[in-house]
Amino acid sequence: MSASLTAVNTLRTMEIVQVRVESPTVKTFVLVDRLCSKAKPGQFLMLWIPGVDEIPLSIMDASNGLVSVSVKQVGDATRHLHGMAAGETVGVRGPFGNSFTESRGRVLLISGGTGTAPLLFLAKQLSAKTERLSFVEGAKSKDELLFIHELNGVCKEKNLVTTTEDGTYGLQCLVTEPLNSLFDREKFDMIYTCGPEVMVKKIFELTEQRKLPIEASLERLMRCGIGLCGSCVIGKYRVCRDGPVFNAAQLREVKEELGISKLGFDGSRIPV
Ligand SMILES: Cc1cc2nc3c(=O)[nH]c(=O)nc-3n(C[C@H](O)[C@H](O)[C@H](O)COP(=O)(O)OP(=O)(O)OC[C@H]3O[C@@H](n4cnc5c(N)ncnc54)[C@H](O)[C@@H]3O)c2cc1C
Ligand code: FES
């Protein structure tokens, strides 16, 4: 039986048990939390950094009473979090949102930046169940390519394609560039993606042209995480409650906003 909304929405404070450096800008934080340790790939949690802010983060791993998040330092909250060490206290609400569906055929996962974190979690769960699992990961440079070792473990080496914008590792191109030739060569039963929204938009357009099924995890500014405040709207959906994972039919409904605009915290529409 899943936990009640009251239980998942109650703030729990706990110690960080481990901090791992993943790249010059990304660290993984491991926390003890019974509810989030039962999360499914695609779900997110709200992490409270005492005295600073509360921010949404995708769950990167969850098992045995532990939950992990991988966080890129971009602003105030994430800078404070990056300054924290094992033994210090944070707060957690969640897990929130829906999760990716489990496809058993030939699947392709495409990630950019920290979007690799939830897709690594998904890949680990799917690897034993799918006929073939392929992964395309992109980053600006070799330093910022996340979880290469782990991804090599879950997909056979030839099924992992990496791209960097500066050519320091893998193919020198954007993560979307190898996709057309990959779609020409191979059949896929499901495409999963997570990453910068302009990347998601481009991938959605490619899958629409080829009539391929897709599930994409989206990000919007979030405050409550439970569908009340409206900060995270896209079209008729609230990303925190109806997503963050959306299928092709839903992405079609929000395509006027996808990769184009979102609400800022003052309610005005701002570019993505
Ligand atoms: C569902 C979801 C999952 C996410 N998963 C991850 C993840 O796994 N790893 C990761 O590094 N980042 C993730 N993000 C983005 C992360 O929440 C922001 O980078 C973070 O909130 C920035 O906070 P800041 O104070 O450091 O930056 P600032 O830019 O200073 O943020 C100021 C305020 O904006 C909000 N904010 C800024 N950017 C975002 C954003 N993209 N989404 C939501 N709120 C934002 C924060 O709540 C904060 O209050 C996710 C966002 C969403 C919505
Ligand atoms: S964050 Fe409040 S409705 Fe989604």
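**Exercise 1. Find what holds glutamate 205 and lysine 201 together, and say how exposed each one is.**

Step 1: The side chains of glutamate 205 and lysine 201 meet in a salt bridge, 3.6 Å from N to O. That term needs a side-chain nitrogen of Lys or Arg within 4 Å of a carboxyl oxygen of Asp or Glu.

Before going on, some ground rules. This is a predicted model, where local features need pLDDT of at least 70, side-chain atom pairs count only at pLDDT 80 or more, and totals for chains, interfaces and linings use all residues. Residues are numbered from 1 along each chain as its sequence is written, chains are lettered from A and ligands numbered from 1 in the order in which they are written, and side-chain values use heavy atoms, with hydrogens and water left out.

Step 2: Both residues sit in helix H6 (residues 197-209), four residues apart, or about one turn of the helix. Helices here are DSSP runs (H or I, at least four residues), strands are E runs of at least two, and both are numbered from the N terminus. An α-helix has 3.6 residues a turn, so residues three or four places apart point the same way.

Step 3: Glutamate 205 is partly exposed because its relative accessibility is 36%, and lysine 201 is partly exposed too, at 22%. The cut-offs: buried is under 20% relative accessible area, exposed is over 50%, and partly exposed is in between (1.4 Å probe, protein chains only).

**Exercise 2. Work out which parts of the chain the salt bridge between arginine 132 and glutamate 186 links.**

Step 1: Check the distance: the closest N and O atoms of arginine 132 and glutamate 186 are 3.0 Å apart.

Step 2: Arginine 132 is in strand S9 (residues 132-139), while glutamate 186 is in the loop between helix H5 (179-185) and strand S12 (190-194).

Step 3: Arginine 132 comes out partly exposed, since its relative accessible area is 25%. Glutamate 186, at 23%, is also partly exposed.

**Exercise 3. Describe the shell around ligand 1.**

Step 1: Count it: 22 residues surround ligand 1, the closest being Asp53, Pro56, Ser70, Lys72 and Thr78. A residue is in if one of its heavy atoms lies within 4 Å.

Step 2: Look at the oxygen atoms of the ligand. A polar side-chain atom of aspartate 53 lies 2.3 Å from one oxygen atom of ligand 1.

Step 3: Check the cover. On its own, ligand 1 has 820 Å² of accessible area (Shrake-Rupley method, 1.4 Å probe), and the protein covers 83% of that.

Step 4: Sort by element. Strand S4 (53-58), strand S6 (66-72) and helix H2 (76-82) each supply at least two shell residues, and S4 gives the most, with six.

**Exercise 4. How many residues of helix H3 are buried?**

Step 1: Take the range, residues 116-126.

Step 2: List the buried ones: Thr116, Ala117, Pro118, Leu119, Leu120, Phe121, Leu122, Ala123 and Leu126.

Step 3: That makes nine of eleven, leaving H3 mostly covered.

Conventions:
A polar contact is a pair of N or O atoms within 3.5 Å; within protein, one must be able to donate a hydrogen and the other to accept it, and residues adjacent in sequence count only if both atoms are side-chain atoms.
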